[in-house]
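Dear colleague,

I am handing over the structure that we talked about, and below it you will find an account of what was found in it. Please read the text with the model open beside you.

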Amino acid sequence: MYEKEYLMLPGPTPVPPRVLRALSEPLINHRGPSFKTLIEEVTEGVKYVYQTKNDVLILPSSGTGGMEAAIVNFLSAGDKVLALSIGAFGDRFATIAQTYGCIVDKVDFEWGTAVDLNVVKAKLAADVNKEYKAILVTHNETATGVCNDLKGLSEIRGDHPALILVDSVSGLGVMEVKTDEWGLDVIVTAAQKGFMIPPGVAFVSVSPRAWAAYEKSTAPKFYWDLGSAKKFLEKGQTPVTPAIPQLTGLREALKLFREKGMDYIFAKQLYLRDITRAGAKALGLKMLADDAVASAAVTAVWAPEGIEAKAINKKMREEYNVVLAGGQKKLENKIFRIGHLGYVQHLDILATIGALEMTLKELGYPVELGAGVKAAQEVIMSRKGLL
Ligand SMILES: *Cc1c(COP(=O)(O)O)cnc(C)c1O
């Protein structure tokens with residue numbers, strides 16, 4: 001392609017040039033000493049992002065494989081689980097548990113809102129025999145652009161023995177997660193969102209309590225067996241041939257994280273969110289999520305009355321080379337989503353808002369050209385020096 005494309009998706013996200021170069025390093029023997037150094041280095045680096053001393057296993061899979069691993073390693077058919085869903089990915093987590101025969105008590109919250117912790121509190125209080133073996137939760141619901149309060153959830157769990165299993169595929173490396181301090185048992189994430197590398201690896205952290213549950217789990221597993229992954233990691237290997245290029249890319253992405261520090265990354269992500277929302281709101285557009293629960297990774301915007309979201313995304317892509325995501329399931333053709341995680345800059349968002357203004361105007365929505373860009377610029381200038 002000759003023209004530059006703006007990949008404003010909540011995954012896969014753009015890959016920094018340094019990481020692209022690292023992806024093309026020559027392949028190495030995955031049973032040899034260089035691989036041992038590589039896997040140990042990236043595992044330590046991923047633990048730094050997780051803020052954990054727990055084990056973290058790296059699997060050759062997309063994020064969903066990591067979610068499946070979180071179910072099959074720590075649960076068994078017949079186990080009761082509390083699944084908290086605020087959107088399409090929360091539904092997916094519940095479905096995986098159902099697929100393996102768990103008895104899923106699913107609580108659905110309106111799409112665009114976060115988990116209401118009072119509801120969870122009541123559910124746990126009603127569970128007098130402590131039957132729930134796990135609570136399934138999405139950290140950042142990519143389908144709606146809403147972030148759940150993991151710290152609050154952990155506090156509400158208190159001394160209930162249920163494990164907390166977290167899908168943070170689009171959250172980790174974007175928004176702060178203190179795995180150990182917040183007592184989060186299992187957290188799943190994947191390469192192609194905040195970690196800025198191409199899809200192909202997933203990460204799963206495992207607390208000591210979760211390992212105790214692993215010993216009791218009778219769910220069938222082979223490819224996803226984390227006990228096997230842990231044994232191999234102890235010798236600097238993986239049970240199957242790993243995605244070696246993703247791991248050399250990951251090593252470089254983790255260096256970028258370390259150079260900048262995670263506080264910088266988290267602050268930058270919030271800043272990109274605020275620029276995006278200010279720009280879109282100034283055009284009179286409605287956000288799906290309230291400010292208080294808005295994701296730092298992705299912003300979901302309602303298409304204006306009478307205009308199809310798909311028409312917006314089509315024009316943005318075909319005429320301006322800006323690639324946005326659409327709505328999923330019941331939000332299909334109703335919202336569009338702007339991803340702003342990973343290797344995205346404030347000026348990428350200005351370009352996106354500028355293209356959005358022209359797109360909407362051409363589709364017949366009243367826009368004062370420059371209004372959204374101006375609001376976005378004002379946020380950028382107000383934070384100058386901070387980043
Ligand atoms: C992207 C995503 C997934 C799925 O990941 P895949 O890599 O497509 O399997 C799961 N959960 C959330 C929250 C996501 O954003």
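How many helices and strands are there in the protein chain? The protein chain holds 13 helices and 14 strands, where helices (H or I, at least four residues) and strands (E, at least two) are DSSP runs, numbered from the N terminus.

Before the details, please keep in mind that this is a predicted model, in which local features need pLDDT of at least 70 and side-chain atom pairs count only at pLDDT 80 or more, while totals for chains, interfaces and linings use all residues. Residues are numbered from 1 along each chain as its sequence is written, and side-chain values use heavy atoms, with hydrogens and water left out.

Let us begin with the whole chain. A compact globule of 387 residues would have a radius of gyration near 21 Å, and the protein chain agrees because its value is 21 Å; this radius is taken over C-alpha atoms, and the globule rule is 2.2 Å times the number of residues to the power 0.38. Along the principal axes, the C-alpha atoms fill a box of roughly 60 × 55 × 35 Å. Of the 387 residues, 58% count as buried, a word that means under 20% relative accessible area, with exposed over 50% and partly exposed in between (1.4 Å probe, protein chains only).

Helix H12 (residues 346-362) has 17 residues, which at 1.5 Å a residue should span 24 Å, and its end C-alpha atoms are 25 Å apart, which agrees; the expected span is 1.5 Å times one less than the number of residues. Among the buried residues of H12 are Asp-348, Ile-349 and Glu-357, and what covers the buried residues of H12 includes helix H10 (262-282) and helix H13 (371-382), a contact being heavy atoms within 4.5 Å. Just after H12, Gly-364 takes a positive phi of about 95 degrees.

Helix H4 (residues 88-99), with twelve residues, should span 16 Å, and its end C-alpha atoms are 16 Å apart, which agrees. Its buried residues include Phe-89, Asp-91 and Phe-93, and their cover includes helix H3 (63-72) and strand S5 (132-138). Just after H4, Gly-101 takes a positive phi of about 85 degrees.

Finally, His-30 lies in the loop between helix H1 (17-23) and helix H2 (33-50). His-30 counts as buried because its relative accessibility is 17%, and the residues that His-30 touches include Phe-35, Gln-237 and Pro-242, not counting residues up to four places away in sequence.

With kind regards
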